[in-house]
Structure formats: C-alpha cells, structure tokens
Amino acid sequence: MYRLNRKIKELEPYKPISGSYKIRLDANESCFSLPKDMLDKIHTALNGIDFNRYPDPAAAKTVAAFADYYGLNAELVTAGNGSDELISVLMMAFLMKDDAVVTVVPDFSMYSFYAAICEGKCIDFKKNDDLSIDVDRLIDTVNSNNAAMLIFSNPCNPTSKGLTKQELRKIIKSVNSLVVLDEAYMDFWDESLLNEVDNYDNLIILRTASKAIGAASIRLGFAIANKTLTRALRAVKSPYNVNSVTQEIGRIIYQDKTYLENVKNKLICLRTGLYNELKRLEAEYPEYMQVFAGNSNFVFIKTGIAEKLYKYLLSESIAIRFMGDYIRITTGTESENEELLIALRRFFKTELI
Ligand SMILES: *Cc1c(COP(=O)(O)O)cnc(C)c1O
C-alpha cells in the first residue's frame, strides 16, 4: 500500500479567504486593475502569440522591460512564475538536505513552507517586541548555525517595517550564507539594493508584479543576482516557467513607466491616509489597538480583539488578514478605505462590551 511521505502527509492546500466579499483588503494586491488603454495594447499583443509554440525560456523581452524600468543589466535578471516559484526553485537548488535556513519571524510564511518541503532545517530568528530586527544577533545566528541561506522580506510582510540599505549591506557582508532578499514591497519604499547585486557573491533579490505593479493574476516575479548566481538559477529553473501570455502582458506593463510611477504614488498616498485614520482610531481606543508605521501598501496592527474584529468586518463583506494577535489591512481605494473605517468605528461603538 502506498503511503505519503512524512514531509507531505500532513500538508493542506493553501487556502486564501474564499467566498466573495465586496471589499478585499486581505492579500496585499493592488486595488487598481490595469487601465483601459493598456488592456487594448494587451489584447492586440495576445492576438500575435503563437499559441502552439513553447514560450521563450529566457522571457527575454519581459526581462528587458523589467530591467529597463529599474535601471538594471538584463543579464542579471531571471523571470519566474511569480516570485513564489522562484522561492521554491531557490530552496530546491541552493539547499542540500538538512542545510540550515534562517528565517526571521514574523515574516512571509512561504519561506519555511518551501524550506520544509526541500528538507532544509528551518531556524526561526525572532524579531524584537517592537518588530525591529537585531542585526548583530541575526548575523550571529546565521554564522553560528552555519546556515546555507538567510531569507527575509524587506519591507516585511506582515510587519511593513524594514531594514535600511546600510543595515542590509552589513548583513550581506558579514554572513557566510546566501542571502535571499525579498523586495516584494520595495516599490513603496526607497531602501532597495537592486543596483548593488553585482557587488556581492551571495545576494539574490526577488521582485514581483503582484503588488505595486497590479498584476497578481498573471503570476510574474523576478530574481536579480550576479552572473554566477543567475547562471545557476537559470540552469535549475523549469525551462518554460513563464508562459507566453504572461510574458507579453508583463512586457507591456513594465514598458509603461509613467503609469507605474503614478499608480505607485497613488497607492503610497492611500496607505498613508489609511494609516493616519487608523492612528486616530488608536488614539480613541488605545487599549484595543496598536498601529505600526510602515513602508508598504498595507498597515499592520496589534490587537487583543483580532478575531472579533476580523469576523465583524467579514460580516460587513470586508476581508482583511487575521493573524493571531495581529491584523493586516491592505490599502483599498479611497472609498473602500472610507467604508472600512466606517465599519471599524461602528464595531468599536456597538460590538465592544
Ligand atoms: C506577495 C508576496 C510575494 C509575491 O509573490 P508572487 O508569487 O510574486 O505573487 C512574495 N513575497 C512576499 C513577502 C509577498 O508578500
């Protein structure tokens, strides 16, 4: 009789919030879909695809558009089927069985998930109570465990906080491991090391089209690293990992720099507005919530009534992310944020006993 092995026996398929909610603030997606003129361009481009042919394994045109937008050398960029796929490929290829992987908690849950499937040994480095990171202690943890990989998001999902370039440089130079720096939200901040990847022999940066770029649906992510690491990554990835439809759409989006700059600034502005309003609510109910300042498109809140709040908002058809003693709220449009705040105020007035 066939039995599932130990590492996958207890696993459950990933379940994002299901059901249809009027306002979705739970997955850190952009609240803006692509504009009409861009969609027209996309439709035209899709008509030109040879659907019977395999896609370009290098996704060269998409990579070129991405590299151009960020001012990078395209030879240092590898495209993936979402950065999620790249995380999984990195774990699979750059780890040997039982290699130590240091993750920083709380952080993106997929890191430890893939590390476990790849039979790595996950070491959880705890953040301070104020969610900051003790850089020296982190370096020490990586080196004393002889870790093969250090992986974390900057700014961090879910805390929205981040390390500065200076702190990052110190970490990368001081550890003996590979450093995978996930900059999924760096479009919203200004501490990117993208332009410095070539200075290090141990740095891989991840980027995604799923957040600021507003294209979570097409599954497109990128890994940026020096030539040696890039060659290794390109050698181990599945050859046709990014399909032709995604390649075409991605190319068109990244070519439209004006649109990307505008939408990014709009999202930052909306998040700032949401943060300010939540701070005002915190001032009224300080015993119930602690709102953290951050650098992303979402706001992270510590609250002893997380579950109650989450359920109440769901009953109002507003989805946010519930995480134990915390909630995470992605910025919506102006009107979505307004509706959220009205619902929150109503909750505090009527549901608190
Ligand atoms: C959303 C997110 C990603 C994005 O993954 P994709 O597979 O590109 O959609 C990666 N890392 C972090 C930390 C994220 O929050």
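Lys-126 is exposed, with a relative accessible area of 53%; exposed means over 50%, buried means under 20%, and partly exposed is what lies in between, judged with a 1.4 Å probe and protein chains only. This is a predicted model, in which local features need pLDDT of at least 70 and side-chain atom pairs count only at pLDDT 80 or more, while totals for chains, interfaces and linings use all residues. Residues are numbered from 1 along each chain as its sequence is written, and side-chain values use heavy atoms, with hydrogens and water left out.

Lys-126 lies in strand E4 (residues 121–126). Helices (H or I, at least four residues) and strands (E, at least two) are DSSP runs, numbered from the N terminus. Not counting residues up to four places away in sequence, Lys-126 touches Val-105 and Arg-137, where contact means heavy atoms within 4.5 Å. Between the C-alpha atoms of Lys-126 and Val-104 the separation is 5.9 Å, although these residues are 22 residues apart along the chain.

Asp-26 gives a second case. Its place is in the loop between E1 and helix H2 (36–47). Asp-26 counts as buried because its relative accessibility is 6%. With neighbours within four places in sequence left aside, Asp-26 is in contact with Ile-17, Ala-319, Ile-320, Arg-321, Arg-328 and Thr-330.

Asn-297 lies in the loop between strand E9 (290–292) and strand E10 (298–302). Its relative accessible area is 0%, so Asn-297 is buried. The C-alpha atoms of Asn-297 and Asn-52 are separated by 39 Å, and the two residues are 245 residues apart along the chain.

Next come the nonpolar residues. In soluble globular proteins, nonpolar side chains tend to be buried together. A nonpolar core is a set of buried Ala, Val, Leu, Ile, Met, Phe, Trp, Tyr and Cys residues joined through side-chain atoms within 4.5 Å. The largest such core here has 64 residues, and those with the most contacts inside it include Leu-138, Ile-253 and Tyr-254. Helix H3 (residues 60–70) supplies the largest share of this core, six residues. Another core, of 29 residues, lies apart from it, and among its members are Leu-281, Ile-327, Ile-329 and Ala-343. Ile-253 is in contact with Leu-34, Met-38, Ile-213, Ala-215, Ile-218 and Leu-260, leaving aside neighbours within four places in sequence.

Aromatic rings can be looked at in pairs. Rings of Phe, Tyr and Trp (its six-membered ring) pair if their centres lie within 6.5 Å; planes under 30 degrees apart count as stacked, over 60 as edge-to-face and the rest as tilted. By this rule the count comes to 18 aromatic pairs. For Phe-66 and Tyr-254, the ring centres are 5.3 Å apart and the planes at 80°, so the pair is edge-to-face. Because Phe-66 lies in helix H3 and Tyr-254 in helix H9 (residues 244–255), the pair ties together parts that are 188 residues apart in sequence. Both Phe-66 and Tyr-254 are buried. The pair of Phe-108 and Tyr-111 is also edge-to-face, because the ring centres are 5.4 Å apart and the planes at 75°. Phe-108 is partly exposed, with a relative accessible area of 25%, whereas Tyr-111 counts as buried at 1% relative accessibility.
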